[in-house]
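Here is a short note for a colleague who is opening this entry for the first time. Please keep the sequence and the model in view while reading.

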Amino acid sequence: MDIERPLSANERIKQASNFLRGGIAEGLTHAETGALSEDDGQLTKFHGFYQQDDRDLRAERGKQRMEKAFSFMVRMRIPGGIVTPAQWLTIEKLAKERANGTIRLTTRETVQFHGILKGNLRPLMQGLNAVTLDTIAACGDVNRNVIATVAPWQRDHYAAISALARGFSEHLLPKTRAWHEIWLGEERISGGVVEEEPIYGRTYLPRKFKIAVALPPHNDVDVFAHDLGFIAIVQRGRIVGYNVTIGGGMGMTHGEPETYPRTADVIGFCKPQDAIDVAEKVLTVQRDFGDRSNRKHARLKYTIDTIGLDRFVALVQERLAVKLTAAKPFSFHSTGDRLGWAQEEDGTSHFTLFVENGRMKGGMLAGLHEIAGLGIGRFIMTANQNLVLADIPKAKRKAVQKLLTAHGLDGTFSGLRGSAMACVALPTCGLALAESERYLPDLVTRLEFELERFGLREDEITIRMTGCPNGCARPYISEIGLVGRGPGVYNLYLGGAHEGVRLNKLHRRDVNGDAIVAALSPLFEAYAKQRKSNERFGDFVIRTGVVAETTAGANFHENLSPDVGN
Amino acid sequence: MPPAFLLPSTAPFAEEQIAALNRVISVTTPEQRAWLSGYLAGLQAASGGQAATPAAPPAKRAPLTILFGTESGNSEALAGQARKVAAKLGFAPKVVDMADFTPAQAAATENLLVIAATWGEGDPPQRAVDFYEALMADDAPRFEKTRFAVLALGDRAYAQFCETGRRIDERLAALGGARITDRIECDLDFETPANGWIDSTLERLNAEVGIKEAGASVIHVDFARPGGDSPTRARPFEAEITEHVRLSGSRSSSDTWHVAVSLEGAGIAYEPGDSLGVVPSNDPALADAVLKAAGVAADDTLRGALLDRLDITTLTAKQVEDFARETGTAALPAEWAVGRQIIDLLETAPGKLSAEQLTALLRPLPPRYYSIASSRKAVPDEAHLLIAGLRYTSHGRERAGVASIDITARHRAGDRLKVFLRSNPHFRLPADPERPVIMIGPGTGVAPFRAFLQEREAIGAGGRNWLVFGHRNYTHDFLYQLELQDWLKSKLLTRLDVAFSRDQPEKRYVQDTLWDVRGDLYGWLRDGAALYVCGDANAMAKDVHEALLRILADQGKQDKAGAKAELDAIRRDGRYLRDVY
């Protein structure tokens, strides 16, 4: 690669960090500040957390002679999003005792704790460790939490793909003991033992790396939005292997057209036993060829577009013991979750709980506390920020239903609301340019009013909002995307595929809530009147010429309508 | 070198005057001193006054020991007054702190004037505890050769009013002491009755034991109002508020303010550790409610008194009795007053008082004292106060702290506060700037330590400084956080430990932090560190005291008695000082 450009600052921090230790432990001893040093703030991501500050309070702090209201956001590593009821109770307890009392389900099938003070980090980590959970590599330039389609109602297949998700996570876990030393107080191995990261090396990856496993026809994980994806291929009732996808990714930067979201390419097929090796080799090619100078150009998607897909695949094939073969046919029909009860033939049931924007608090936590107290089944977090109460035995379904009803957790929602996602954004996320989680519910209410006028209340249209262009809620691959540009102002994207195979396209630039409703209402009306049978909203707006189709990340910024606005 | 020509503290001048004269005299040459004495003698003769005859050997003066036990400084101030009166009458008075005295020493005195404060729920002041306990012990000495009188200070708002003074008085009599006169028990408005009692008691004693001609040799000058024109409680300085900022975050469960006042021209030369007295005004709404409940038509004079002169909140058992008597209503039990205020009492039988009855029922409005949070060396002509607005509910009614809410909610920058100085000579930085200090100040208790740090920064003191701060929530209650960060960066502050009680499931307080760092704490004490505690007297100071005893036991590998002896030694060494309220 062009090696002449200087390395990014993060590369130096990683290099000097002694396998991600840095000065974190020392920083914890400084009682006078709720913050850690800036450099250590880069390293803590590898430990699963970000330093944030309450942006609602920024204006008042100076006058109060206090520093910014720092706290930490801690993300867990939960491959496949599956925890036991006992683990759930621990998570809930820690959220109340050590965080801000809420649990945030994320699009990576995991839990985020918010508002953790520096002094509570260790007790939180130790509390998680006590129930065999951790936060290692939940953020940072490493393989992040591995997600998989949540389909406990397909028992055998689900067992296979969730085991594979765990396998990826374990195999690609950093080997440094830094997390255990800093958070659990594990003794440092001294003398002779030279630590190494056999897969990552001292500086880990150029950027984050995300893996998803999909079980068609559900594309709840948005497999094409990931650096690396595995699409299960089922033949004669069993998973015979996986189609491999590479190069998906959401993040971009406003005003920098050389940054763009990208849907992944399908590059071949592997057998189940070879999947972990495929993951390792894709990751190591990215490790070796990714851009370590410019972090905005460091994701796998840019590596592929820089060196070419064929060359990238060839580099992977070279390193593989068992080569990829031709991809097999598959099809997806949706990205959403199937809310409510699902029952298997033997009476085992699963309840998918709608969690608006993944934020759980108060009554919902109280209800789940009681359900977890029954000690049955599993709690599974979905990539749509919902929660599945899985594997409820026939005899217990009534008890669970009673608790759901008692706590008001079995309500019904419009198709739009059930298909909506928002990132956290304000007040905690340092990147947010606009509100997201705190605003989308209100906007959806306004849009519901429009949809009902046209008889579209039950239509599942994916709508996703983020407070910045980095794409945590995967807004560029939804039928309606809203990406924050500034306070109260968003870019409106349309035309993503309902089943998550196609990016959307910018429709209106810098629009506020009123303008969003004004832009969408006539389109809803036209859709209600003119759609073809089973035609999805995202397909309709392309067919009727509202927006041009985005066929690849490289043309995401092109073919904009003149009506987009400046 | 100590100057050889100082005036003795018994000279017939106010302390401040003695100090001022000493400042001049200590640097004079022998020629200057000779000139001055000749000049003054000539002046006196020329004015036709009686020529001084200092050369005559004075008759042996009767000794008088004035023993005080103080928490807030009032007893000590009165002891100083008593000393001046006694000196005037020809006694050889000596003022001693119970902290530095034993019952055996007391029993050896001939004439003993005790001025004892009661603290909290009937307890002796902390520094007087040892003396008090030894006096109450079975092996206490006999006081047969001692004449004594006791002035007890207290607060009628507490059930055990003047308990300490009462018990000392009874005990001295039981141990054979001869009462000069009956004990006086003084409430918060102690000044006039206390001074009157001191005068009459000493005159009576003088009649019994004084040297008759001694009075003739004393130049009669009235020093009853010491301090010249320094502002006092009765004549406070109207200080302009220059800064009025809430430090607590908007989501804090407390309401703490930084209030800076200008002392320009006030003649208030405070030292770090001193307090500023603030004469507050009552809540106008409450004053109106009190008038209404009493059934008194409000004229401006009466309303003004209720706003600025009378205590319309605190309710004492005596007032409950008085009210029943005046109104002819059934007496409520004494404990009824607990947690209630004047307004609650008036509303039990509304509309039954005349204006005179109402004012007679009410006590004078006491000032409130705030530890000064600044050093004049850092902010000349200013004093900074750290004030937590107090609001709570009791018996179904919202209550508000008189002064704290007056200052924080009814004042703003540009307004004026009535202030005066209350010196706190027992809470001073070490004389040695190299001596390490440990400062334990949770909540508004951090105030004097900000003053200490400003002072030590200003004078370039080299001693190490360790602050232990605590509050409820780290994010919203970290008072002066940025300043403390700067002081850590500049190394003025050597170490900072914190305890925030509500940030984790288990409550954490400063005493828990002290225990966690006990090894280092012990090391500092062994290095001669002076340890200061400021803040809440009822819980915090006691808990910290217990923690210190446990730490000394643990680290010194000794039993409880050993730890207590060690802490006592540290205290006697002037290295364990408290300013608690």
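1. Two residues are in contact if their C-beta atoms, placed from the backbone, lie within 7 Å. In chain B, take the contacts with a separation of 6 or more: 75% of them join residues 24 or more positions apart.

2. This is a predicted model; local features need pLDDT of at least 70, side-chain atom pairs count only at pLDDT 80 or more, and totals for chains, interfaces and linings use all residues. Residues are numbered from 1 along each chain as its sequence is written, and chains are lettered from A and ligands numbered from 1 in the order in which they are written.

3. Chain B has 20 helices and 21 strands (DSSP runs, H or I of at least four residues for helices, E of at least two for strands, numbered from the N terminus). Of its 581 residues, 42% are buried (20 or more other C-beta atoms within 10 Å of the residue's own).

4. Chain B touches chain A. The contact takes 21 residues from chain B and 18 from chain A. On the side of chain B, α16(B) gives the most, with six residues. That side divides into 11 nonpolar, six polar and four charged residues (Ala, Val, Leu, Ile, Met, Phe, Trp, Tyr, Cys and Pro are nonpolar; Asp, Glu, Lys and Arg charged; the others, Gly among them, polar).

5. Helices α3 (74-89) and α7 (191-209) of chain B pack at about 35°, with axes 10 Å apart (axes are lines fitted to C-alpha atoms over the stretch in contact; angles run from 0 to 180 degrees between N-to-C directions). Residues in this contact include L78(B) and V85(B) of α3(B), and I198(B) and L202(B) of α7(B). By class, the contact has eight nonpolar, three polar and two charged residues.

Notes: Buried ≥ 20, exposed ≤ 12 C-beta atoms within 10 Å, placed from the backbone.
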